[in-house]
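Morning, everyone. Please have the sequence and the structure open, and follow along with me.

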Amino acid sequence: MPQYFGKLPTTNQPWNHIGSVQAVNWSDSTVNFDCGNSRLQVTILSPNLIRVRFSPTGEFTTRRSWAVTVDDSEWEKVAFAVEDRETEVEITTGKIRLCVQKQNSRLVCFDNANHPFAEDVDLGIGWRQGAVAGWKKIYADEHFYGFGERTGFLDKLSQVKTNWTVDALDYDALTDEMYQAIPFFMALRPELSYGIFFNTTFWSQFDIGAAQPGVWNMETRGGELDYYIIYGAEPADILRIYTQLTGRMPLPPKWALGYHQCRWSYESEDVVRELAQEFRQRRIPCDVIHLDIDYMRGYRVFTWSPQRFPEPAKLIGDLAQAGFKTVTIIDPGVKYEPEANYHVFDTGLANDYFVRKADGALFHGYVWPEKAVFPDFLRSDVRQWWGDLHKSLTDMGVAGIWNDMNEPAIDNRPFGDGGEKIWFPLDAPQGDEQFKIQNSKFKIDVTHTEVHNLYGLMMAKASAEGLKRHRQQERSFVLTRSGYAGVQRWSAVWMGDNQSLWEHLEMSLPMLCNMGLSGVAFVGCDIGGFAGNATAELFARWMQVGMLYPLMRGHSAMSTARHEPWVFGDRTENICREYINLRYQLLPYIYNLFWEAAQTGAPILRPLFYHYPRDRQTYTIYDQVFLGASLMAAPIYRPGVEYRAVYLPAGTWYDWWTGEQYTGPTHILSHAPLEKMPLYVRGGAIIPMQPVQQYVDELPQNLLRWRIWPGDNQYLFFEDDGISNSSQNQNYSLREIRVYTQENQIVVDIVPRVGDWIPPEREVIVEVVGIGEQRFTDDGSAYIFRF
């Protein structure tokens with residue numbers, strides 16, 4: 001095609017392609033394929049998890065100290081069979097069969113029903129200078145989800161997704177690189193699903209049929225191709241294995257599940273005290289107040305402004321007395337300030353903790369404190385030092401840390417001077433590997449090229465480990481903007497600087513669902529939008545949606561209008577209060593979902609296909625969402641809209657507000673005036689609820705309600721004290737509730753409590769919705785109720 005505009009076309013270096021299999025050998029869990037000068041390796045880690053590695057040189061990279069995956073040797077040995085035939089090698093586990101064709105080294109997997117997946121196409125595996133890539137087939141009716149933090153809708157078919165962390169300011173539906181880089185996706189079609197984790201921290205990219213319809217491609221600028229294939233009959237199976245591979249979130253403190261209030265910035269103690277007083281006087285529940293950068297002295301991390309926050313310990317203590325936890329922001333940029341008695345800079349420089357260029361010069365850039373230097377969080381000694389700096393905050397009572405600007409976000413000129421975004425020089429040496437000798441012969445050269453995507457993750461890890469050391473008796477809360485696969489082990493994540501636009505409200509749920517499908521369950525978006533001014537209608541609708549977010553935080557930017565629930569007038573305030581109240585009533589149910597995520601990796605916010613993977617109708621529905629397995633919301637995303645179509649999958653459904661019953665699969669038209677977000681409950685749902693409180697544990701937990709909708713089901717109810725670092729022992733309570741129909745009666749069978757934690761004496765109301773309720777005083781024994 002003629003080139004009419006722009007630059008002249010460029011010619012890319014051609015791909016070299018993997019050759020034929022020359023020899024095969026295997027031992028323990030690994031099968032090696034000699035392909036001439038290159039080598040292909042297949043490792044069986046579990047019946048439905050296989051690692052594939054390819055090296056053009058025949059030599060594989062040594063395991064890095066910061067690897068996010070469980071080491072191959074840590075997996076329990078699994079039985080598998082290898083058949084070395086004339087034309088192919090077949091590897092069989094209890095769940096899948098993998099075949100490697102000898103002529104062209106192409107790989108394809110099959111499930112036990114002989115459905116193929118993760119199948120190499122003609123291009124197979126290739127490499128050229130600076131890149132290695134693989135190409136696989138897209139099947140008919142195959143859809144693609146996950147990819148970490150992504151804008152737009154759920155399904156990413158026909159899109160290109162780049163994994164490189166950036167400050168994605170002013171992002172929109174077409175933005176590619178984001179704050180998070182998580183090179184994982186799952187593919188779904190009616191007969192099966194599978195996941196791919198691309199195990200590379202270098203710049204990488206997925207092309208899901210954009211360049212070549214029917215073919216998806218993965219490419220990395222690292223020296224080898226390294227990826228995991230995860231087979232699952234349904235999405236939950238894939239996430240269970242993926243989070244076993246990359247780690248699962250710890251159970252957060254229960255207060256972190258309440259409502260958070262934030263602004264850039266609540267600029268003084270007086271403003272913060274007024275804010276807290278407004279929440280309590282207006283009876284709007286809130287657990288957490290975040291302090292943005294203006295609490296610091298000249299944006300120096302780990303300091304307080306002596307003018308605006310002269311008595312931080314007293315402020316934090318007074319807030320705690322009123323039921324508020326305090327979370328403070330910490331950025332990675334340390335003000336460059338020689339001979340100024342700034343302890344963070346002085347100790348960091350004295351111990352050579354900051355990133356340096358390849359020539360040894362100290363790297364600097366510009367962020368909030370102007371000229372700044374940056375800790376090398378890839379080093380374990382730097383993480384230890386940074387984590388211990390948090391003691392100055394935790395000793396005052398700070399309960400959580402908010403990590404921002406950690407992509408890293410840096411300008412080449414002072415903020416406001418029209419500079420450009422930069423990051424560390426790609427050849428800057430980083431990490432512990434710089435101080436290790438491999439085979440006693442040569443240095444391992446790790447540069448920013450390889451670890452750029454890990455900077456935010458390792459900062460979050462340093463913060464989480466520091467809080468754990470200095471808040472030993474209590475769980476802490478860490479929130480990060482940037483991260484990589486496995487970030488769920490260390491931190492919650494929010495979607496960065498969104499905008500007060502209806503489009504961003506609409507986009508928020510598919511963004512959060514895809515994060516959950518990437519193993520990161522504790523996620524949220526800024527309610528009301530960070531940049532710009534929300535209208536009363538937008539804010540009301542956003543608060544309804546925000547009630548569903550695992551992280552429920554309102555946040556707004558400097559120079560915008562205030563976005564607290566009461567600033568939009570009485571009608572909006574009442575709507576906000578009602579939906580925050582509902583959030584607090586549902587906290588026992590939501591806390592149970594967090595426990596489930598910590599145990600299995602299950603997302604808290606779920607797209608419809610997660611529970612209905614055989615229903616094609618659900619594959620592209622992005623504007624309805626499950627909160628756990630039982631509640632489904634169909635929010636309003638457009639101004640002036642009071643009716644919307646809702647899809648109800650197979651089964652019995654009940655309107656949360658009216659109790660009206662429906663039988664799916666069907667579409668209905670739901671009436672949704674401004675005060676109402678359409679909300680539906682699956683038949684058989686068992687939802688524990690509590691009375692409204694102004695903050696978690698404000699009142700004795702002496703009343704619990706189990707709301708049960710007719711239908712057969714069972715539910716495992718988890719409880720503990722919500723704060724202690726004790727989840728690894730028996731200091732918890734588990735109760736199984738079984739509901740079934742017998743002789744025209746609905747039977748509720750409550751199994752005896754298991755575990756050492758004993759809840760306070762309380763009354764439990766067992767309500768079968770639309771039929772009746774019965775009460776009992778809970779002593780942990782077995783109970784049976786008939787309705």
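Start with strand β12, residues 131–137. It runs antiparallel to β19, and six bridges join the two strands. Keep in mind that this is a predicted model.

Which residue in β19 stands opposite tryptophan 135? Asparagine 217 does.

Now look at β18, residues 204–208. This strand is also antiparallel to β19, with five bridges between them. Find aspartate 207. Its bridge partner in β19 is asparagine 217. So much for the pairs; now the turn. β18 and β19 form a hairpin with six residues between the strands. Glycine 209 in this hairpin has a positive phi, near 80 degrees.

Next, β19 itself, residues 215–220. Is this strand mostly covered or uncovered? Mostly covered: six of its six residues are buried. Check the directions. Val215, Asn217 and Glu219 point one way. Trp216, Met218 and Thr220 point the other way. Residues on both sides are buried.

Let's move on to the cores. In soluble globular proteins, nonpolar side chains tend to be buried together. Here, the largest nonpolar core has 201 residues. Which members touch the most other members? Trp386, Trp656, Ile687, Val748 and Val766.

Last stop, tryptophan 656. Leave out residues up to four places away in sequence, and among its contacts are Leu582, Leu586, Leu631 and Leu679. Tyr680, Ile687, Met689, Arg707 and Trp709 are also among the residues that tryptophan 656 touches.

Methods:
Residues are numbered from 1 along each chain as its sequence is written. This is a predicted model: local features need pLDDT of at least 70, side-chain atom pairs count only at pLDDT 80 or more; totals for chains, interfaces and linings use all residues. Side-chain values use heavy atoms; hydrogens and water are left out. A nonpolar core is a set of buried Ala, Val, Leu, Ile, Met, Phe, Trp, Tyr and Cys residues joined through side-chain atoms within 4.5 Å. Buried means under 20% relative accessible area, exposed over 50%, partly exposed in between (1.4 Å probe, protein chains only). Contact means heavy atoms within 4.5 Å. Helices (H or I, at least four residues) and strands (E, at least two) are DSSP runs, numbered from the N terminus. Two strands pair if DSSP finds at least two bridges between them.
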